[in-house]
Amino acid sequence: MKQKKNGKAVEFIKEHKMGLFVIVSALVMLVGLSYAWLQLTLRGEKELTLKAGTLELALDDSMGEGITMENAVPVSDADGLADAGYTFTLKNTGTIESSYEIYLDDLAILETDTRMSDSFIKYQLTKDGTETALALLNTTGTHPNRVLDSGTIAPNTTQTYTLKVWIDSATSNEVMGTVSKGQLRIEAMQKVKETTEPEPEPTPETPES
């Protein structure tokens with residue numbers, strides 16, 4: 001009975017040799033590709049550069065202590081846009097294209113402080129000199145899912161951003177005495193091909209004389 005089953009299995013393999021080869025090849029290719037998740041968070045001293053994999057998030061000196069608005073007053077869009085803002089660069093220093101998302105997260109405030117509502121805060125984000133957004137912060141989502149920008153970055157490419165934030169001129173008196181404090185975070189995904197050394201070919205046996 002066992003020989004009969006083995007014979008059928010051999011016969012099936014012979015008949016479907018090409019199909020099985022394609023399936024095995026596809027599985028090998030899938031195993032050879034993996035997704036590397038990278039997460040970088042801004043929070044540090046001067047000339048901060050955070051690296052993970054082949055991505056860098058480099059930020060200027062002014063962002064070392066995070067993005068803070070305290071004792072600020074509502075201003076017009078013209079005045080808000082006149083501010084220098086916060087500059088940071090996203091660099092893909094490797095050879096693989098990467099997709100990414102840039103978030104603005106809340107930082108802890110003092111227990112005696114009251115956090116400012118996102119609906120009071122207006123922001124503008126520019127990328128390589130081109131405006132990508134000008135809106136209220138609450139349109140980006142809520143912490144920890146406020147997405148400022150997303151996309152892909154090619155290998156050996158640098159993208160320069162400027163983020164400006166101010167209190168919207170239409171804000172009510174509720175904003176008085178509140179505090180906003182945040183930090184940038186970037187999450188990226190790269191498809192990385194794993195390299196494995198080929199297995200050595202078996203040495204042919206020498207027939208006995």
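## Salt bridges around R115

In this predicted model, R115 is partly exposed, with a relative accessible area of 31%. The side chain of R115 forms a salt bridge with D106, and the closest N and O atoms of this pair are 3.8 Å apart. D106 is likewise partly exposed, its relative accessible area being 23%. Through salt bridges that share partners, D106, R115, D118 and R146 are joined into one network.

A search of the whole structure finds seven salt bridges, and the pair of R115 and D106 is one that meets the definition, with N and O within 4 Å.

## Salt bridges of R185

A further salt bridge brings together the side chains of D105 and R185, at 2.5 Å from N to O. This pair links distant parts of the chain, since D105 belongs to strand β6 and R185 to strand β12, 80 residues apart. D105 has a relative accessibility of 6% and therefore counts as buried. R185 also counts as buried, because its relative accessibility is 8%. The cut-off for buried is under 20% relative accessible area.

R185 has another partner in E187, with 2.8 Å between the closest N and O atoms of that salt bridge. E187 has a relative accessible area of 22% and is therefore partly exposed.

## The nonpolar core

In soluble globular proteins, nonpolar side chains tend to be buried together. Here the largest nonpolar core has 25 residues. Those with the most contacts inside this core are Y100, I102, Y123, L148, L163, V165 and L184. At least two residues of the core come from each of β4, β5 (86–92), β6, β8 (121–127), β10 (147–153), β11 (157–167) and β12. The largest share, four residues, is supplied by β11.

What surrounds L163, leaving aside its neighbours within four places in sequence? With those neighbours set aside, L163 is in contact with I67, G85, Y86, F88, Y123, Q124, L125, L148 and L184. Among these contacts, Y123, L148 and L184 are also named with L163 as residues that have the most contacts inside the core.

## The cavity

Rolling a probe the size of a water molecule over the atoms shows where empty space is left. In this structure, the search finds one cavity of 30 Å³ or more. About 120 Å³ of space lies in the largest cavity. Its lining comprises 15 residues, of which L104, I121, L137, S180 and G182 are the closest to the centre.

Three strands, β4 (67–70), β6 (98–106) and β12 (178–193), each supply at least two residues of the lining of the largest cavity. Which classes of residue make up the lining of the largest cavity? The lining has seven nonpolar, two polar and six charged residues.

## Backbone features in the loops

A cis peptide bond joins H143 and P144, with omega at about 5°. P144 lies in the loop between β9 (130–136) and β10.

Two residues other than glycine have a positive phi, D128 at about 50° and N156 near 55°. D128 is located in the loop between β8 and β9, whereas N156 is found in the loop between β10 and β11. D128 has a relative accessible area of 49% and is therefore partly exposed. N156, by contrast, is exposed, with a relative accessible area of 62%.

The C-alpha atom of L110 is separated by 9.3 Å from that of V179, and the two residues are 69 residues apart along the chain.

Methods
Residues are numbered from 1 along each chain as its sequence is written. This is a predicted model: local features need pLDDT of at least 70, side-chain atom pairs count only at pLDDT 80 or more; totals for chains, interfaces and linings use all residues. Side-chain values use heavy atoms; hydrogens and water are left out. On a 1 Å grid over the protein atoms alone, a cavity is a set of points where a 1.4 Å probe fits but cannot get out, and a pocket is an open set with protein on both sides within 12 Å along at least five of seven lines; lining residues have an atom within 4 Å of a point. Grid points are joined across faces, edges and corners, and a volume is the space filled by probe spheres set on the points. Ala, Val, Leu, Ile, Met, Phe, Trp, Tyr, Cys and Pro count as nonpolar, Asp, Glu, Lys and Arg as charged, and the others, Gly among them, as polar. A nonpolar core is a set of buried Ala, Val, Leu, Ile, Met, Phe, Trp, Tyr and Cys residues joined through side-chain atoms within 4.5 Å. Buried means under 20% relative accessible area, exposed over 50%, partly exposed in between (1.4 Å probe, protein chains only). Contact means heavy atoms within 4.5 Å.
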